[in-house]
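I opened this entry to keep track of what I looked up, one item at a time. Here is the structure I had on screen.

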Amino acid sequence: MNQQQLRPLYLLGVAASAYALWYFATAGSNLYAIAFGLVTVVLVVRLRKLTADS
């Protein structure tokens, strides 16, 4: 996949995992909230690396 195809997928992944982070944090499930927080951070870092290369 090229950069034009990956960027929307990373954005969708960040949005979905940020929503899951919010949902589980407000529901009181700290373990799931931490897991989705880490996923969000990883996806944001990968998105930044992808956009820095262009």
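Helices here are DSSP runs of H or I with at least four residues, strands are E runs of at least two, and both are numbered from the N terminus.

A note on the source: this is a predicted model, where local features need pLDDT of at least 70, side-chain atom pairs count only at pLDDT 80 or more, and totals for chains, interfaces and linings use all residues. Residues are numbered from 1 along each chain as its sequence is written, and side-chain values use heavy atoms, with hydrogens and water left out.

Next I looked at H1 itself. Its 25 residues reach 36 Å from first C-alpha to last, close to the 36 Å expected at 1.5 Å a residue (1.5 Å times one less than the number of residues).

Which residues of H1 are buried? I found Tyr-10, Val-14, Ser-17 and Ala-20, with buried meaning under 20% relative accessible area (1.4 Å probe, protein chains only). Helix H2 (30-53) is included in what covers them. Over the whole chain, 19% of the 54 residues count as buried.

Then I turned to the overall form. The protein chain has two helices and zero strands. Its radius of gyration, taken over C-alpha atoms, is 13 Å, well over the 10 Å that the globule rule gives for 54 residues, so the chain is more spread out than a compact globule; that rule is 2.2 Å times the number of residues to the power 0.38. The C-alpha atoms fill a box of roughly 40 × 15 × 15 Å along the principal axes.

Technical notes
Buried means under 20% relative accessible area, exposed over 50%, partly exposed in between (1.4 Å probe, protein chains only). Contact means heavy atoms within 4.5 Å.
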